[in-house]
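Dear colleague,

Please read the notes with the structure open beside them.

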Amino acid sequence: MIIPLLKVTNLSKSYDNIVGCKNISMSLYPGEVLGIVGESGSGKTTLINCLSGNLEPDRGKIIFSINNKETDFLNISESEKRKFIRTDLAFVHQNPRDGLRLNVSAGGNIGEKLMSVGYRHYGNIRSLATKWMNKVEIDKSRIDDLPITFSGGMLQRLQIAKNLITSPNVIFMDEPTGGLDVSVQARVLDLIRSLVNELNLTVIIVSHDLAVIRLLADKMIVMKNGTVIESGLSDQVLEDPQQEYTQLLVSSVLHV
Amino acid sequence: MRKTNNVIKIKDFKVDKGLPFDQEYNFAYLDENTKKMIRRAIIKALCIPGYQVPFASREMPMPYGWGTGGVQVTASCLTKRDTLKIIDQGADDTTNAVSIRNFFKKTSNIKTTEITEKATLIQTRHRIPETPLKKKQIFVYQVPIPEPLAFLEPKVSETIKMHSLSEYGAMHVKLYEDISKNGHIETAYAYPVKTNDRYIMDPSPIPKFDNPKMNNSPAIQLFGAGREQRIYAIPPYTKVKSLDFEDYPFDPFKAEHACDICGSKNTYLDEIIVDDAGNKSFICSDTDFCNKRKNK
Ligand SMILES: Nc1ncnc2c1ncn2[C@@H]1O[C@H](COP(=O)(O)OP(=O)(O)O)[C@@H](O)[C@H]1O
Ligand SMILES: [Mg+2]
Ligand SMILES: [Zn+2]
């Protein structure tokens with residue numbers, strides 16, 4: 001029996017009396033890509049923030065099982081939690097500026113994650129950073145340039161490199177192409193897809209764009225008013241949606 | 001108990017205690033309750049090497065930037081038996097050093113000296129003397145910015161968390177950037193150190209040349225930041241390691257010159273322009289050390 005890498009049970013989070021997300025249960029297996037869809041305000045960001053440790057949920061259970069070690073994410077000390085987030089998780093923000101230091105060179109940004117998990121050899125950090133710039137298709141001659149000199153698409157690819165360099169076990173992405181010009185979205189999406197395939201990444205990705213989910217996600221959940229109203233294999237849900245709301249989403253009558 | 005709780009008033013000196021007429025201040029200016037509070041912070045700081053202990057900094061009769069933190073630490077440690085030395089950039093005769101020395105002469109009437117070995121308490125700005133510090137000496141640094149993580153993280157609540165969880169990876173980003181830009185670690189002053197294998201600490205703006213002197217020193221090293229209201233410390237015989245990379249080890253840079261006055265080859269030198277043609281001279285920044293060596 002394969003143990004889920006992430007198992008979530010009855011997770012809830014509200015803001016005062018506004019529901020963020022409510023009674024969410026789901027599981028994720030190694031190498032799977034889970035897509036979260038739903039209209040604006042349906043709770044996607046709240047959910048992904050709770051799962052990645054950016055936000056403290058009110059109730060529920062989050063269990064990560066990595067290398068036969070269970071981590072009860074909501075019941076560990078803050079120092080254990082921050083260490084776990086640092087070494088095992090990664091978060092790609094919609095706006096790359098939120099995930100990068102703009103006053104630090106591209107190489108320094110990519111290298112920071114390595115240094116934060118203990119790398120202390122400049123030459124090794126630099127060659128790994130170079131390798132990852134190559135992987136995300138940024139010319140390695142730009143390694144000492146500041147991110148402010150980069151285009152939006154390059155910034156997002158830089159953020160992706162920074163996050164993947166330490167081989168995290170789960171990667172969270174909140175609308176990773178949402179802030180980009182339509183013309184560069186495809187390239188970033190294509191890059192994410194090839195990295196997912198090549199590295200067999202486990203990913204939870206939020207998007208309101210069903211094309212993104214169709215392209216990347218093995219399975220998906222549909223959220224509405226903070227709850228999951230439909231879930232399953234992406235192909236199935238997209239081909240044969242059961243809920244009226246999902247049918248509207250798929251037929252693009254609902255503009256999300 | 002009665003004695004320490006009793007704040008001595010100016011009036012008490014004159015009338016009740018019969019002390020000299022010109023003694024207008026409590027010994028070393030600060031009142032005894034304030035000193036007690038500061039000593040508590042110092043003792044806590046000594047127990048947790050490199051950890052920044054908050055304290056309620058007092059208004060001093062000098063502006064911030066003139067070493068009000070150091071002055072309060074010194075005032076709290078000073079006893080009537082002490083011999084005090086004050087240096088600024090290694091020299092005893094600069095304005096800042098002279099005014100602080102005069103301040104303590106006036107408020108405590110203790111002995112002062114320029115000779116490092118003779119001092120029991122030394123307050124400094126920007127240098128550690130060349131003469132090795134010894135047992136039973138107290139060495140007080142004036143600190144402008146105590147937080148070594150400030151350039152990375154402006155929120156104090158977050159830097160406190162980073163220290164408590166030893167989240168120091170980003171410190172190396174600065175060194176990484178230095179090497180990438182300059183081929184070596186360019187930071188020359190206030191070069192960050194790790195104290196007792198635990199807390200990352202800003203050694204105040206001393207040149208990195210002085211960093212090795214902090215390691216395993218027999219003296220008590222105290223750091224006072226007045227405006228930022230922090231005290232931290234290195235107890236005697238404590239490991240103090242300058243941050244670096246395995247392949248770019250810490251290098252306490254030394255100018256390729258000998259002192260033009262005393263001939264010393266292993267001291268920190270000030271570079272001074274001596275004439276209109278722009279000719280340079282290199283002399284020890286530690287005036288006491290240089291004088292002694294010259295006169296030998
Ligand atoms: N910080 C917050 N304070 C109060 N309400 C919030 C906050 N963040 C989100 N919400 C509310 O929670 C609900 C879910 O929001 P969110 O998780 O951002 O949804 P989505 O990412 O799907 O747009 C919305 O009603 C939103 O207004
Ligand atoms: Mg959102
Ligand atoms: Zn000299």
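**Aromatic rings and charges**

Tyr29(B) counts as partly exposed because its relative accessibility is 27%, where partly exposed lies between buried (under 20% relative accessible area) and exposed (over 50%), with a 1.4 Å probe and protein chains only. Tyr25(B), at 29% relative accessibility, likewise counts as partly exposed.

This is a predicted model, in which local features need pLDDT of at least 70 and side-chain atom pairs count only at pLDDT 80 or more, whereas totals for chains, interfaces and linings use all residues. Residues are numbered from 1 along each chain as its sequence is written, chains are lettered from A and ligands numbered from 1 in the order in which they are written, and side-chain values use heavy atoms, with hydrogens and water left out.

Over all chains, a search of the whole structure finds 16 aromatic pairs, a pair being rings of Phe, Tyr or Trp (its six-membered ring) with centres within 6.5 Å, stacked if the planes are under 30 degrees apart, edge-to-face if over 60 and tilted for the rest. The pair of Phe64(A) and Phe84(A) is tilted, because the ring centres are 5.1 Å apart and the planes stand at 50 degrees. Both Phe64(A) and Phe84(A) are buried. Tyr25(B) and Tyr29(B) also form a tilted aromatic pair, with 5.8 Å centre to centre and 45 degrees between the planes.

As for charges over rings (NZ of Lys or CZ of Arg within 6 Å of the ring centre and within 35 degrees of the ring normal), Lys174(B) lies over the face of Phe151(B) at 5.1 Å from the ring centre, and Arg198(B) lies over the face of Tyr199(B) at 4.1 Å from the ring centre.
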